[in-house]
Amino acid sequence: AARPTGHAALLDRRRTRMTDKLIRDALILWATIDPIGTLAIFASITGGLTEAARRRTALKAVLYAGGILVGAVIIGQVLLTAMGIRLVSLQVAGGIILFLFGLKMVFGTPLMQGSTQGEPGHDIAVFPLAVPSIATPGALMAVIILTDNHVYPIQVQLATTGVMLLVLLATFLFMLAAGRIIAVIGQNGSAILVRVMGMLLAALSIELVMEALNIFDLLNTSTN
């Protein structure tokens, strides 16, 4: 009679760990993809377009960014393995990059420099929307770390990819409603939300570094 109880307890622990990971993944991906910041950029650079053109631009931007991020999930780890980069090095470097990305969000450093208009054949759905606004360097680094082949089974990687796609869907919906959302929360409200997400991203990035260096285990050992 004890065996089913133990098995049930093991399943509960696995579900809890899976839920905790997916919540953390969602927070990291939300902060790095940054739908709030993207909608502010989208609203500012598509103000002169018709409603139909804005919808097409939003859809193309999300599809381009989704293709880039899914590609990073599929081949990013393979490329890193071929280059001889170990997981711990990637986690530490990724944590530092995400921390700096979070600081940039907190202190309001502009995402892009220079004009985005006036280039012959230039498609704003590609730049600056798909890259670097949606598929940010931080998001690319995050999806590679969060779907590492040596750590997570394929089911967990698929679940994380699903979370990423949900964040992209939210980004698309935000862009469709960009004008109305900015009218409600205002530029100041948008700036506040971006900074709050930056603080969360900085804290989560420190967690990644501490986990990679086994600092939590060292702290537990020292306290015991």
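Predicted model: local features only at pLDDT ≥ 70, side-chain atom pairs only at ≥ 80, totals over all residues.

Visitor: Where is Asp-34 in the chain?

Guide: Asp-34 sits in the loop that runs between helix 1 and helix 2. Its backbone has a feature to look at too: phi of Asp-34 is near 60 degrees, a positive value in a residue that is not glycine.

Visitor: Okay, zooming out. How many helices and strands does the protein have?

Guide: There are 9 helices and 0 strands. If you read along the sequence, the pattern is α-α-α-α-α-α-α-α-α.

Visitor: And what share of the residues is buried?

Guide: Buried residues account for 40% of the 224 residues in the protein.

Visitor: What about contacts, how many join residues at least 24 apart?

Guide: Take the contacts between residues at least 6 apart in sequence: 86% of these join residues at least 24 apart.

Visitor: Can you show me an example with Val-163? Which residues does Val-163 touch?

Guide: Leaving out residues up to four places away in sequence, Val-163 touches Leu-22, Asp-25, Ala-26 and Leu-29. Val-163 itself is in helix 7.

Visitor: How far apart are Val-163 and Asp-25?

Guide: In sequence they are 138 residues apart, and in space their C-alpha atoms are 7.5 Å apart.

Visitor: Why does Val-163 count as buried?

Guide: Val-163 counts as buried because its relative accessibility is 13%, and the limit is under 20%.

Visitor: How do helix 7 and helix 8 cross?

Guide: The axes of helix 7 (residues 154-176) and helix 8 (residues 178-212) come within 5 Å and cross at roughly 80 degrees.

Visitor: Which residues make the contact?

Guide: From helix 7 the contact uses Phe-174, Met-175 and Leu-176, and from helix 8 it uses Ala-178, Arg-180 and Ile-181. Sorted by type, the residues of this contact are 5 nonpolar, no polar and 1 charged.

Visitor: New topic: helix 6. How many of its residues are buried?

Guide: Helix 6 (residues 137-146) is mostly covered, with 8 of its 10 residues buried. Among them are Met-141, Val-143, Ile-144 and Leu-146.

Visitor: Where is Ile-144 relative to Gly-71?

Guide: The C-alpha atoms of Gly-71 and Ile-144 are separated by 9.8 Å, and the two residues are 73 apart along the chain. Gly-71 belongs to helix 3 (residues 51-82) and counts as partly exposed at 23% relative accessibility.

Visitor: And helix 5, how many of its residues are buried?

Guide: Helix 5 is mostly covered as well, with 7 of its 10 residues buried. The buried residues include Pro-128, Leu-129 and Ile-134.

Visitor: What is the peptide bond from Phe-127 to Pro-128 like?

Guide: That peptide bond, from Phe-127 to Pro-128, is cis, with omega near 15 degrees. Pro-128 lies in helix 5, which covers residues 125-134.

Visitor: Last one: pockets! What is the volume of the second largest pocket?

Guide: The second largest pocket has a volume of about 230 Å³. The largest share of its lining, 6 residues, comes from helix 1 (residues 2-33).

Visitor: Which residues line the second largest pocket?

Guide: Its lining residues include Arg-14, Asp-20, Lys-21, Tyr-152 and Val-156. By type, the lining of the second largest pocket divides into 5 nonpolar, no polar and 5 charged.

Definitions and conventions: Residues numbered from 1 in each chain as written. Heavy atoms only, no water. 1 Å grid on protein atoms, 1.4 Å probe; cavity = no way out; pocket = protein on both sides within 12 Å on 5 of 7 lines; lining within 4 Å. Points joined across faces, edges and corners; volume = space filled by probe spheres on them. Helix = DSSP H or I, 4+ residues; strand = E, 2+ residues; numbered from the N terminus. Nonpolar A, V, L, I, M, F, W, Y, C, P; charged D, E, K, R; others polar. Buried < 20%, exposed > 50% of the residue type's maximum accessible area, 1.4 Å probe, protein only. Axes fitted to C-alpha atoms, helices over the stretch in contact; angles between N-to-C directions. Contact = heavy atoms within 4.5 Å.
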